[in-house]
Amino acid sequence: IVVRENYNDDTGDYALSWMRLNNPSATALNCGQVATGSITTTERIKYYSFTAAANDAVTIRVAKTSGNMDAYLELYAPDGTNLAKASDVIDKKLTLAGTYTIIVRDDYNDETGSYVLTWQRLNNPCSTNIACGATATGSIGTTADKPPWKFYYFDAQASDKVTIRGYTTTGDLGTYLELYSPEGTRLAGANNQIDRALTIA
């Protein structure tokens with residue numbers, strides 16, 4: 001590794017890191033676990049890893065909780081291939097079994113702040129099941145105990161028609177819903193209500 005000034009005519013301080021992508025020594029995250037972290041002037045990049053099976057479909061979420069950073073994600077396969085880069089959310093069907101690497105950083109690598117991070121398996125959820133007609137309650141926040149997202153799943157048959165309703169009970173929350181299929185395809189997103197005819201059991 002060589003570090004230098006771009007045009008070899010200015011001076012300053014820097015920070016440098018590297019990560020093995022095919023066998024990462026990163027912070028391991030279990031499905032549904034919420035991690036907190038900070039991007040600082042000396043730590044511009046944070047590394048995480050998770051293990052998945054071939055054909056798993058996942059959603060990876062990051063949200064800023066303080067500072068001026070624009071939270072940005074990168075996802076790498078077990079063989080080191082870059083699979084996706086995006087602000088806030090990556091949805092991806094994975095083709096290889098093994099350990100995947102997540103990078104969290106500021107979009108332009110020039111701002112700092114704190115964040116929360118999680119990932120969820122969509123084809124075999126590790127979230128909470130809701131029975132037909134039951135009501136789930138919870139809180140949306142900016143901490144590991146009350147993160148910006150909650151994940152639930154329900155069991156349905158092909159050709160079922162469903163209505164999903166969410167509403168605010170306290171605070172200024174603008175309740176927003178997202179619906180994913182069992183194979184990880186995002187089917188809908190809407191404020192308060194989703195009505196959908198399902199095609200996959």
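Me: How many disulfides does the count come to?
Reply: A disulfide here is a pair of cysteine sulfur atoms within 2.5 Å. This is a predicted model, where local features need pLDDT of at least 70, side-chain atom pairs count only at pLDDT 80 or more, and totals for chains, interfaces and linings use all residues. Residues are numbered from 1 along each chain as its sequence is written, and side-chain values use heavy atoms, with hydrogens and water left out. By the sulfur rule, the count is 1 disulfide.

Me: Which residue does the disulfide join to C31?
Reply: The S to S distance is 1.9 Å. C31 sits in the loop between strand 1 (27–28) and strand 2 (34–39), and its partner is 95 residues apart from it, in the loop between strand 9 (113–121) and strand 10 (128–129). Strands are DSSP runs (E, at least two residues), numbered from the N terminus. The partner is C126.

Me: Is C31 buried or exposed?
Reply: Buried means under 20% relative accessible area, exposed over 50%, and partly exposed in between (1.4 Å probe, protein chains only). C126, at 31%, counts as partly exposed. C31 comes in at 19% relative accessibility, so C31 counts as buried.

Me: How many bridges join strand 4 to strand 9?
Reply: Strand 4 covers residues 57–67 and runs antiparallel to strand 9. Here S66 stands opposite S114 in strand 9. The number of bridges is 9.

Conventions
Helix = DSSP H or I, 4+ residues; strand = E, 2+ residues; numbered from the N terminus. Pairing = 2+ DSSP bridges.
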